[in-house]
Amino acid sequence: MVLPLRKVIRVADERDRLIVEENKEAAMTAFDTCLQKVSEHGLEMKLVDVEFTFDRNKVIFYFTADGRVDFRELVKDLASIFKTRIELRQIGVRDEAKMLGGIGPCGRMLCCSTFLGDFEPVSIKMAKDQNLSLNPTKISGLCGRLMCCLKYENDEYETAKEQLPDIGETIQTSNGSAKVVGLNILERILQVELTEKRKSDRIYMGRIITRRRCICTNN
C-alpha cells in the first residue's frame, strides 16, 4: 500500500529543498540500476518507483507482480551498490495508478492520485444497479480494476431502487394496470406499458408515489 502523507515537522528551508532535489535525481539513477538488475536476475516484477528517505538511510523500491517474488539476491546487489538499507515494497495495481497518476476516461486527473485516501471496495453490482454497460473497457480505470467513481452515487441508486418496483412487475396507475418496462432511477420515473383499456404496446412515463403495487400518475 502507498503510505499516507508523513507528519509535518517544520517548514522546509533552502537546504532541505536542495536535498529533496538531489534525492529525486538519485532515485532516477537508482530506478535505472534496479531495472538492469531485475533483468539480470530474470525476475517477473514491474518496477514502479524509487524513493530515497530524506536522510538517505534507506532506499525504497516499489514494484508490482502477479505473485510472490524471491528478490533476496536482488536486494544484496542493490545494497552493495547503494551502501544503504534496501526495501522492496510490493504494491497493487491501484496503488501504482495512485503513485503515477494519469488522465481518467472522464478527462480529469485520476481521483486516486488527487483526492482519494483509502481505496473502498467496488463491485460489478454497483455498475449493474446504475444500468451501466458491463463492458470492462467502459467501467475499468487505468489500473484495470473497476473505477472508484462507481462508488460515488451507489448509495443514491440503492435508496432509489428500494422505492421503485422491479422491471416486469405489474403496478396500478391512474389509467389502470400496467407493466413496468423501464426505469429512470435517479429521477424516479417509471416507463410502463398499460394492459387495460389500451393497447399493450403503448408506453407511458409515470412518476412513482409509493413503493410496489403503487399508484402512479402520468406526466
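This is a predicted model: local features need pLDDT of at least 70, side-chain atom pairs count only at pLDDT 80 or more; totals for chains, interfaces and linings use all residues.

Me: Where does Asp 95 lie, and is it buried or exposed?

Reply: Asp 95 is part of helix α3. To judge burial, you compare the relative accessible area with a cut-off: under 20% is buried and over 50% is exposed. Asp 95 has a relative accessible area of 4%, so it counts as buried.

Me: Which residues of α3 are buried, and what do the buried ones pack against?

Reply: Arg 94, Asp 95, Glu 96 and Ala 97 are buried in α3. The buried residues of this helix pack against β1, β2 and α4.

Me: Next up, salt bridges. How many does the structure hold?

Reply: It holds 12. In one of them, the side chains of Glu 96 and Lys 46 meet, with 2.7 Å from N to O. This pair links distant parts of the chain, since Glu 96 is in helix α3 and Lys 46 in strand β1, 50 residues apart.

Me: How accessible are the two partners, Glu 96 and Lys 46?

Reply: Glu 96 is at 10% relative accessible area, so it is buried. Lys 46 reaches 46%, which makes it partly exposed.

Me: And what about the salt bridge between Glu 87 and Lys 58, what is its N to O distance?

Reply: The distance there is 3.0 Å. Glu 87 belongs to strand β3 and Lys 58 to strand β2, so the bridge ties together parts 29 residues apart in sequence. Glu 87 is partly exposed at 22% relative accessibility, while Lys 58 counts as buried at 17%. There's also a network of salt bridges here, linking Lys 58, Glu 87 and Arg 89.

Me: How far apart are the closest N and O atoms in the salt bridge of Glu 120 with Lys 151?

Reply: They are 4.0 Å apart. Glu 120 sits in the loop between α4 and α5, and Lys 151 in the loop between α6 and α7, so this pair ties together parts 31 residues apart in sequence. Both ends are partly exposed: Glu 120 has 47% relative accessibility, and Lys 151 has a relative accessible area of 27%.

Me: How many residues line the second largest pocket, and which lie nearest its centre?

Reply: The lining has 21 residues, and Leu 110, Cys 111, Cys 112, Met 147 and Cys 148 lie nearest the centre. Two elements, α3 and α4, each give two or more residues to this lining. The largest share, 3 residues, comes from α4. By type, the lining residues divide into 16 nonpolar, 3 polar and 2 charged.

Me: Last one: backbone angles. What should I look for in phi?

Reply: Most residues other than glycine have a negative phi. In this chain, Arg 56 has a positive phi of about 60° although it is not a glycine. You'll find Arg 56 in the loop between β1 and β2, and it is partly exposed at 38% relative accessibility.

Me: What is the phi of Asn 131, and where is this residue found?

Reply: Asn 131 has a positive phi of about 55°, and it isn't a glycine either. It is found in the loop between α5 and α6. With a relative accessible area of 55%, Asn 131 is exposed.

Me: Which residue follows α3, and what is its phi?

Reply: Gly 101 follows α3, and its phi is positive, near 75°.

Technical notes: Residues are numbered from 1 along each chain as its sequence is written. Side-chain values use heavy atoms; hydrogens and water are left out. On a 1 Å grid over the protein atoms alone, a cavity is a set of points where a 1.4 Å probe fits but cannot get out, and a pocket is an open set with protein on both sides within 12 Å along at least five of seven lines; lining residues have an atom within 4 Å of a point. Helices (H or I, at least four residues) and strands (E, at least two) are DSSP runs, numbered from the N terminus. Ala, Val, Leu, Ile, Met, Phe, Trp, Tyr, Cys and Pro count as nonpolar, Asp, Glu, Lys and Arg as charged, and the others, Gly among them, as polar. Buried means under 20% relative accessible area, exposed over 50%, partly exposed in between (1.4 Å probe, protein chains only). Contact means heavy atoms within 4.5 Å.
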